[in-house]
Amino acid sequence: MSPLLTPARTRGFLRATVAAVALSSVLLTTGCGASDQSGKDAKATAAVPAGFPVTIDNCGVRTTYDRPPSRVVTIHQHPAELMLALGLEERMVGTAFPDSAVLPELRKNYEAIPELAKKEPSFEKILDAEPDFVYGGYGSAFAENEGRSRKAFADAGIDTYLNREYCGKKQVTMEDTYDEIRTIGEVFGVPDRADELVADLEGRVGRAAAEVAGEPEVPVFVYDSGDKSAFTAGGKSLGTELIRLAGGENVFADLDDVFGDVSWEQVVARKPEVIAVYDYADAGSVEEKKTFLLSQPALADVPAVRNKRFVVLPLTATLVGIRSAYAVEDLARGLHPESFR
């Protein structure tokens, strides 16, 4: 079966398991001179940075940080980009599971960080990087059945954080994006950078929304994947809010979930004028998806298909991360091109 026709990647599950990991012993140097220097280093290490300790509640896990994490592994692309946008590349010792092309301004720093795996790395592979913090994007980052539960990391002395989109909260909004950035800024002791980044993203969204203010809403169908049925973004997804901010309306906003399957008959009946194609690895290329949609006789009279009106969005741009603000502008240009001439 081709990637286009396979079900979309599982987006989120988090269960608990126990795994034991031996901690490395600390080697101590001897001698008077060495002892004196060690004492000085110990005092410096013991000093609590300004703003710490910080206690964070994340998806039912409460963690107190005495100091910012210094060796970070990110699983999935959107946590990595968020870290880089906050200028934290020197603390990153590994990334994994790239979904799409990295933002140009972040690409150089991203490529300098070791990639541990094309998908989620094994527990052992992550331990090899000696992290003190693991930041997961999808719930699958901490899959119990693959030995990566948050408890397993805790037992190894490693703190974890899961993107709030997978904390079980159904409705996801841009405020979740801004809160995510501020929380990570707090954990890493860079709240000012976080505030600046949030202000920049809010400005991007505000400018795009202002350009299309007063324009009639354009009906939009999100095509993620699928052939027998269509896997699409529901009313609880961040994608629905991005479409609204861009001057559109998700035709499946009444689907009471983040994602779900709908029939092609339903797509035809709702007459979308634009199709937002989600682009990510292992789901078929954008061109394959467009070719599939354009080749279906049943869809020939759908306005978006008849007029070949597509907007392509990287999946990472529809998640809780820095790309969502960029997606609003891209959508707005695709839905209301006349407003940007």
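How do the axes of α6 and α7 cross, and within what distance do they come? The axes come within 7 Å and cross at roughly 160°; axes here are lines fitted to C-alpha atoms, for helices over the stretch in contact, and angles run from 0 to 180 degrees between N-to-C directions. This is a predicted model, in which local features need pLDDT of at least 70 and side-chain atom pairs count only at pLDDT 80 or more, while totals for chains, interfaces and linings use all residues. Residues are numbered from 1 along each chain as its sequence is written, and side-chain values use heavy atoms, with hydrogens and water left out.

**First stop: α6 and α7**

Select α6 (174-187) and α7 (residues 191-212). Helices (H or I, at least four residues) and strands (E, at least two) are DSSP runs, numbered from the N terminus. The angle makes α6 roughly antiparallel to α7 (over 145 degrees; under 35 counts as roughly parallel, 65 to 115 as roughly perpendicular and the rest as oblique). Their crossing is right-handed, that is, the near helix is turned clockwise from the far one by less than a right angle, anticlockwise being left-handed. Show Met174, Tyr178, Ile181, Arg182 and Gly185 of α6, which meet residues of α7 including Leu197, Val198, Leu201 and Val205; contact means heavy atoms within 4.5 Å.

**Second stop: α7 and α12**

On the α7 side, Leu201, Arg204, Val205, Ala208 and Val212 meet Ala325, Tyr326, Val328, Glu329 and Ala332 of α12. By class, this contact has 8 nonpolar, no polar and 2 charged residues.

Ser324 is buried, with a relative accessible area of 0% (buried means under 20%, exposed over 50%, partly exposed in between; 1.4 Å probe, protein chains only). Leaving aside residues up to four places away in sequence, Ser324 touches Met174, Thr177, Leu238, Leu242, Ala317 and Leu319.

**Last stop: the disulfide**

Select Cys59 and Cys167, which form a disulfide with sulfur atoms 1.7 Å apart (a pair of cysteine sulfur atoms within 2.5 Å). Cys59 lies in the loop between β1 (54-58) and β2 (61-65), and Cys167 in the loop between β7 (159-162) and α6, 108 residues apart. Cys59 is partly exposed at 23% relative accessible area, and Cys167 is partly exposed at 34%.

Methods
Nonpolar A, V, L, I, M, F, W, Y, C, P; charged D, E, K, R; others polar.
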